[in-house]
Amino acid sequence: MTSSAKGFSPHLYAVAAFMLFAAMNASIKILGGSVPLTLVMTVRFLVGFWMVYPLVRRSGSTLDETLKTTKIHGHLARAAFGIVAVGCAFYILPLLPLGDANALGQFYPLFLLLLSVLILKEKVKPKQYLACLLGFIGVILIAAPHGQAGLFPALLAMLSAFAAAVSDIVVRYLARTDKSLTIVLWFFLLSGLTMFVIWMLTAKETQLSLGQAGYLLLAGFFGGAAQLALTTSFKHLSAGVMGPYSYLGFFFSIVL
């Protein structure tokens, strides 16, 4: 419960996950909406897949063996909610100051905590509720979102937070039986192929500069590493424990 198979603390994986997510968002923010959203999401997912794939070879298993699961319905649900969460988050980044986007995204731990009780029947201690509530109030006070971008981006930010919470609840459910690699690979494969098809149908003739391509690859790299760290930490930590860690994303965004 307090250490991974290799002795590396799942709490450190949680910290690393939200640090890497902040770096991914910063890379997308720099692009400023100059690249079609469908291409951004395609690169984010497929780069993640090819990052994780070598770990399959290192584990001594084949890709078919690693993808073996009895919960394909769970992986499909996770991919669907993950696409909504990532798509909404990436869409609003060029529209909102980074502080506003992160502050609105902090509904995530509150949603995660409530869903973990309602769906997974996990026991949540009062201090975990308090930690989430105080963290949310603190982020709002520090970020002081001014709402100049309008109601629509704010609603999308909340939808992204809710979809991310549902997606991570599904991860927690899948982690009871499936390996971390299995969960991550299915997510990247299903999401990446879905967005690739949509990109090919809508914006396949997009021309990229060298700088744009570089930031896209960075976003894919950071996103892939973050997803693996998050899935590994969910393997050992309850959703109630994981929720407050997401506030670190706001801190890392300030640093970046």
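**View 1. Helices α1 and α10 of the predicted model pack with axes that come within 7 Å.** The model is predicted, local features need pLDDT of at least 70, side-chain atom pairs count only at pLDDT 80 or more, and totals for chains, interfaces and linings use all residues. Residues are numbered from 1 along each chain as its sequence is written, and side-chain values use heavy atoms, with hydrogens and water left out. Helices here are DSSP runs of H or I with at least four residues, numbered from the N terminus. The axes of α1 and α10 cross at roughly 155°; axes are lines fitted to C-alpha atoms over the stretch in contact, and angles run from 0 to 180 degrees between N-to-C directions. That angle makes α1 roughly antiparallel to α10 (over 145 degrees; under 35 is roughly parallel, 65 to 115 roughly perpendicular, and the rest oblique). The crossing of α1 past α10 is left-handed, a term for a near helix turned anticlockwise from the far one by less than a right angle, with right-handed for clockwise. Their contact (heavy atoms within 4.5 Å) has 21 nonpolar, seven polar and no charged residues. Ala, Val, Leu, Ile, Met, Phe, Trp, Tyr, Cys and Pro count as nonpolar, Asp, Glu, Lys and Arg as charged, and the others, Gly among them, as polar.

**View 2. Helix α8 (residues 151-174) packs on helix α10 (residues 210-236) at an angle of about 55°.** The axes are 9 Å apart, and the angle makes α8 oblique to α10. α8 passes α10 in a right-handed crossing. On α8 the contact is made by D168, V171 and R172, and on α10 by L230, T231, F234, K235 and H236. By class, these residues are three nonpolar, two polar and three charged.

**View 3. Helix α4 crosses helix α9 (residues 180-202) at roughly 55°.** Their axes come within 9 Å. The angle makes α4 oblique to α9, and the crossing is right-handed. Residues of α4 in the contact include I72, H75 and L76, and those of α9 include W186, F187 and L190. The contact of α4 with α9 has nine nonpolar, five polar and one charged residues.

**View 4. The largest cavity holds about 650 Å³ of space.** A cavity is a set of points on a 1 Å grid over the protein atoms alone where a 1.4 Å probe fits but cannot get out, and lining residues have an atom within 4 Å of a point. Points are joined across faces, edges and corners, and the volume is the space filled by probe spheres set on them. A search of the whole structure finds one cavity of 30 Å³ or more. The largest cavity has 32 lining residues, with F21, N25, A89, S160 and A164 nearest its centre. Helices α1 (10-31), α4 (72-92), α5 (98-105), α8, α10 and α12 (248-255) each supply at least two residues of the lining. The largest share, seven residues, comes from α4. The lining divides into 18 nonpolar, 11 polar and three charged residues.

How values were computed
On a 1 Å grid over the protein atoms alone, a cavity is a set of points where a 1.4 Å probe fits but cannot get out, and a pocket is an open set with protein on both sides within 12 Å along at least five of seven lines; lining residues have an atom within 4 Å of a point.
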